[in-house]
Amino acid sequence: MSALVIRNLQKTYRNDVEALKGISLEVAAGDFFALLGPNGAGKSTTIGIISSLVNKTAGEVEIFGHDLDRDRIEAKRRVGVVPQEFNFNQFEKVLDILVAQAGFYGIPARQARERAEFYLRKLGLWDKRDSQSRMLSGGMKRRLMIARALVHDPDLLILDEPTAGVDIELRRSMWDFLTELNGQGKTIILTTHYLEEAESLCRRIAIIDHGRIVENTDMKSLLDKLQVETFVLDLAEPLTVAPELGDIEVRLKDSLTLEVAVPKSSDLNGVFARLADSHISVRSMRNKSNRLEELFVRLVERNLPGGGGQ
Amino acid sequence: MNIRPMNMRYQWVAFCTILSKEIRRFTRIWAQTLLPPAITMTLYFVIFGNLIGSRIGDMGGFDYMQFIVPGLIMMSVIQNSYGNVVSSFFSTKFQRSIEEMLVSPMSSMTILLGYIAGGVARGILVGIIVTLLSLFFTRLHIENLLVTMLVVVLTATLFSIGGFINAIFANKFDDVAIIPTFILTPLTYLGGVFYSIDLLPDFWRTVSLFNPIVYMVNAFRYGLLGVSDVDVVGSLVAVAGFTLVMFFFALWLLQRGTGIRQ
């Protein structure tokens, strides 16, 4: 069963901006899916249409087999949305926000309170239940939005930039929580600017740019497309010129730092053997950038007008 | 619209959620919502009823205080039902917490009914407060309970819908204040609250008949005192008809997402 099926989705805003140019997408039930793209690519419009906040121009959306136009109520009951920007009443109490949200999904008050308590405890907000939401820190507000999206127990959870602006510790704990939810069978769709987040959490990925899907595959296949990986080597002794390492491109960034671009056909053992032959000793090594980031930049650049894409 | 019993139950719970949220909101900020009309109307009773009214004498066969009480109660109902919905729904739009409702399976009908019920609840509560205050100044006799209740509920419903439509079109806080200040208040003051329209010259009496508030105030006055400047049954039918038209217009706006969906 597919959690989400999108067919030929189009959106043209009143100012004639064509945000979506007929995208199609399928997300399997139980998947952990990343939707990536640069700013203005159409991610938030897509999520807006799925969550009924944006009217589509054309196309179809199905959520767990329920068409969003013809079977709107059943389709909407299965989705929970965590938007990018805070969108709760700043003067309402934390517990009231969750109980009301459950009520909007038809959950009676007593059950709504039980669920609200469960998720507030789970996300470390129970002590803040009687605080007005405006009194919460940024990280707490993010957690409140996640709790609110889960309170009606959706099968599909959509998160638009859930970890934007949160500190590393909280980000890690949110990743653990999302992984736990996915392990319990919830389908998760995530948009993020932290590509490390997508790479470490998601199994499948779609890249959207200028209103079109430019890539839609599993994470491993996508990363396999990376032909060259760049490593940064911190040297034990200073150098004045970059060494010759055959077909491997080498750049001396400063006297103690080398950048080596290793093709997939080569292995790192060969690189180290040649460095050893040149009497260069390496103290430490790291990736120049996130692997997904390299691919992402390449795919998006290819899609630019005048780029090498189709 | 889906009318399966299961969904009807969901919609009912969602409706009750909006209504209880609205009641919680206006009772929490009672100093802004319930106290001001109580003070304003008490001033009207003291100044127009006691001080000036005693010099005016009878109007419509009743002393002036008795004559203006129904109009002032109705004025409170109109202003508060309208004010409740316009401020609450616009604030929901402004803070984007409306998205909480739009993503849910709640139908547009449920959202609209929930806000109307909230406006009617405040309108009636303020109406009761003003009625109780009026008892300090005059005797109150209810001539026809059914007409009295019907007019209050219909009027509160109509102006709650009006507030909802205003909030849908409003883009800034100024837009929320324009209609009450420049349309609602003049229509109410010229709607026969303080005088019988029979006192007006023919031309202005005819002009007054185009003011819908004249019919509400007079129908309510009939419910309490048994006198009216206009036909009561005709008034009730006209107000009910207008309420239905406004309701479906508001529903249509909500369904097409005017002012709330891109």
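**Chat notes: chains A and B**

User: Leaving aside its neighbours within four places in sequence, what is Leu236(B) in contact with?

Analyst: Leu150(B), Val151(B) and Leu154(B) are its contacts once those neighbours are set aside. Contact means heavy atoms within 4.5 Å.

User: What kind of model is this, and what are the conventions?

Analyst: This is a predicted model, in which local features need pLDDT of at least 70, side-chain atom pairs count only at pLDDT 80 or more, and totals for chains, interfaces and linings use all residues. Residues are numbered from 1 along each chain as its sequence is written, chains are lettered from A and ligands numbered from 1 in the order in which they are written, and side-chain values use heavy atoms, leaving out hydrogens and water.

User: Back to Leu236(B). Buried or exposed?

Analyst: Leu236(B) counts as buried because its relative accessible area is 15%. The cut-offs are under 20% for buried, over 50% for exposed and partly exposed in between, with a 1.4 Å probe and protein chains only. Leu236(B) sits in helix α11 (residues 232–256) of chain B. Helices (H or I, at least four residues) and strands (E, at least two) are DSSP runs, numbered from the N terminus.

User: How far is Leu236(B) from Ala219(B)?

Analyst: The C-alpha to C-alpha distance is 7.3 Å, with the two residues 17 apart in sequence.

User: Switching to chain A. How many helices and strands?

Analyst: Chain A has 10 helices and 14 strands. Of its 310 residues, 52% are buried, and its C-alpha trace spans about 75 × 45 × 35 Å along the principal axes.

User: Which residues of β8(A) are buried on each side?

Analyst: Thr187(A), Ile189(A) and Thr191(A) are buried on one side, Ile188(A) and Leu190(A) on the other. In a regular strand, side chains alternate between the two faces of the sheet.

User: What's the strand order in the four-stranded open sheet of chain A?

Analyst: The order is β2-β1-β4-β5, with antiparallel pairing. β2 (18–28) and β5 (66–67) of chain A are at the edges with a single partner strand each, so one side of each has no neighbour in the sheet. In the pairing of β4 (residues 58–63) with β5(A), which has two bridges, Glu62(A) is partnered by Asp67(A).

User: Which residue between β4 and β5 of chain A is in the loop?

Analyst: Phe64(A) is one residue there. Phe64(A) has a positive phi of about 45 degrees although it is not a glycine, and is buried at 14% relative accessible area.

User: And His279(A), buried or exposed?

Analyst: His279(A) counts as exposed because its relative accessibility is 74%. His279(A) lies in the loop between α9 (268–277) and β14 (282–287) of chain A, and has a positive phi of about 60 degrees without being a glycine.

How values were computed
Pairing = 2+ DSSP bridges.
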